[in-house]
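Please read the briefing below alongside the sequence and the 3D view. It starts with one residue and then goes through the chain by topic.

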Amino acid sequence: MQKIWGNYSETVFRNCTRPDTDEDTIAYWKNNLFATAVLYLIPLSFIAIIPGMYMALATELYLLFFVDLAAIIAFAVIAFLPGLTIQARKIIFCISIYGVSLALLYTLGSFGPGLLYLLALSIFIVLILDEIYGIVNVYLNIAICALFGVLIEFDLGSSAFTTEYTLAQWFAVSVNLIFLSAVSALLIPKLFNGLEVSFSKRREAENKLQDSVKMLEMKNQELEDFAYTASHDLKEPLRMVRSFSELLKKRQEKNLDQKSLQYIHFIVDGARRMNQLVEDLLEYSRVGRLHLEKEIVDLNKIVDEIRENYQGEQSQLKPVITSEKLPEMEVVPISIKLLFQNLIGNGIKYQDGQHTPEIQISCQENGTHWNFRVKDNGIGIPENYYDQIFQIFKRLHSNDEFRGSGIGLAICKKVVEQHGGEIWVESEASKGSSFYFSLKKS
Ligand code: ADP
């Protein structure tokens, strides 16, 4: 049954709508409304038109019977006959409802739903067709009312209708139909025009936004490419500075005084730090450059690997890393490892050296995302730096206090954003920090 309805609905929508129309247009919604009306009208006619036809036969109202039959055939043509334009289908639809309304009006008079059908059709015409058809419909309604007035006045025809009314009564009734159809022909298009204007304004704004985003992405990519090339090319001369300074120190150690040796030490140390900076910068630009494939990754394994790296640590205060059961997620494995590595690494690094670093990792599922927390018992971060620390090169400490390049958290931010999430921090001075981040489920 579901399959039959699916096929039926697909056929109706294929014939009565245009798939290439933008959803943000009135034309799209007009066609959609028309197709939906056709879709439901055919099955619904079994509870209205078909019993009506039966009653018409039983009461010998043959005109009504044939008009109803013609309407049902017309509905089938509109829904199933390929090759007709949508406009033609809409017009056939309106003509058939006109036919039914007139037949009802003529045969049943005011006891029948003829006038009601005409009013409903008047509104439907302005909903599915262009503004001009609403006006045409008002004239048609005037003509229909006049025609029926003539039938009454000259006592033509032999239906309930002609005997039921006097001309004055019919006039009083029919002006309401004309009035209401004129109101809908004037007001509904006004509403549509307003909607069309706001649709087009929205489209324009969206296009502008898309252009800006594209431009921004392009500039970003250029910048990342530049950072990558620059840092890559810097590595070689840096390696030379470092190795030749070390060589110089080895060769001339005996001939050089203490001061000169200290200078060489500064050169080597500076080159080493710069090398680390370049490495980190490369890592940062790599996260943006490589559009690596996502894979299903068990995050517990990633944390285990990082934990193992700290097991070999010679320091007396060996860090304790605990984690709740983490999910398996579709992520870029290298990027996610960098994320955990940086957050755990920072939690261990930014300590006062008085007590064992403790890192706790926990997570919670939340609809579309997984939310994580990496909590440490370190020195904490002042509140006014909560946002700034995620900027590239932003450091709160000198290299003498804690070594670093100020790139780690910028990498974390980039990785999280690439996985459709957010990252932020909450902290309490000398009690520790909690880094929160979310990752979107695939
Ligand atoms: P780096 O550690 O190389 O300096 P990051 O981008 O990882 O660079 O961190 C930026 C700054 O944020 C650090 O210099 C440090 O001052 C602060 N910070 C980061 N993580 C923590 C933490 N867990 N506890 C205290 N301060 C932190």
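In which helix is the place of methionine 240? Methionine 240 is in helix α9, residues 167–252. This is a predicted model, in which local features need pLDDT of at least 70 and side-chain atom pairs count only at pLDDT 80 or more, while totals for chains, interfaces and linings use all residues. Residues are numbered from 1 along each chain as its sequence is written, and side-chain values use heavy atoms, with hydrogens and water left out.

**Overall shape and make-up**

- The chain has 13 helices and 7 strands; helices (H or I, at least four residues) and strands (E, at least two) are DSSP runs, numbered from the N terminus.
- The radius of gyration of the chain is 39 Å, whereas a compact globule of 442 residues would have one near 22 Å. The radius is taken over C-alpha atoms, and the globule rule is 2.2 Å times the number of residues to the power 0.38.
- The C-alpha trace spans about 135 × 40 × 40 Å along its principal axes.
- Of the 442 residues in the chain, 38% are buried. Buried means under 20% relative accessible area, exposed means over 50%, and partly exposed lies in between (1.4 Å probe, protein chains only).
- The chain exposes about 26,100 Å², and carbon and sulfur atoms supply 60% of this area. Accessible areas come from the Shrake-Rupley method with a 1.4 Å probe; for residues, only the protein chains shown count as cover.
- Among contacts between residues at least 6 apart in sequence, 69% join residues at least 24 apart; a contact means heavy atoms within 4.5 Å.
- The 42 positive and 51 negative charges of the chain have mean positions 9 Å apart. Lys and Arg count as positive and Asp and Glu as negative, while His and the chain ends are not counted. Each charge is placed at NZ of Lys, CZ of Arg, CG of Asp or CD of Glu.

**Separations across the chain**

- Methionine 240 counts as partly exposed because its relative accessibility is 39%.
- Arginine 403 and leucine 167 are 236 residues apart in sequence, and their C-alpha atoms are 100 Å apart in space.
- Valine 287 and asparagine 7 are 280 residues apart in sequence and 47 Å apart in space, C-alpha to C-alpha.

**Helix α13 and valine 287**

- Helix α13 (residues 408–418) is largely enclosed by the rest of the structure, because 8 of its 11 residues are buried. Among them are Leu409, Ile411, Lys414 and Val415.
- Valine 287 lies in helix α10, residues 258–289. It is buried because its relative accessible area is 6%.
- Not counting residues up to four places away in sequence, valine 287 touches Ser335, Leu338, Ile411, Lys414, Val415 and Gln418.

**Other buried residues**

- Threonine 17 is in the loop between α1 (2–16) and α2 (26–44). Its relative accessible area is 15%, so threonine 17 is buried.
- A polar atom of the threonine 17 side chain lies 2.4 Å from the backbone oxygen of phenylalanine 13.
- Beyond residues up to four places away in sequence, threonine 17 touches Asn31, Asn32, Ala35 and Ile86.
- Asparagine 300, in helix α11 (residues 299–311), is buried with a relative accessible area of 14%. Leaving out residues up to four places away in sequence, asparagine 300 touches Glu324, Lys325 and Leu326.

**Loops and positive phi**

- Most residues other than glycine have a negative phi.
- Glutamate 60, a residue other than glycine, has a positive phi near 60°. It is in the loop between α3 (49–58) and α4 (62–80) and counts as exposed at 55% relative accessibility.
- Serine 430 is not a glycine either, yet has a positive phi of about 55°. Serine 430 lies in the loop between β6 (423–428) and β7 (432–440), and is exposed with a relative accessible area of 58%.
- Arginine 403 is in the loop between β5 (369–376) and α13. At 44% relative accessibility, arginine 403 counts as partly exposed.
- Apart from neighbours within four places in sequence, arginine 403 is in contact with Asp269, Arg272, Arg273, Lys349, Tyr350 and Arg395.

Note on methods
Polar contact = N/O pair within 3.5 Å; in protein donor to acceptor, adjacent residues only side chain to side chain.
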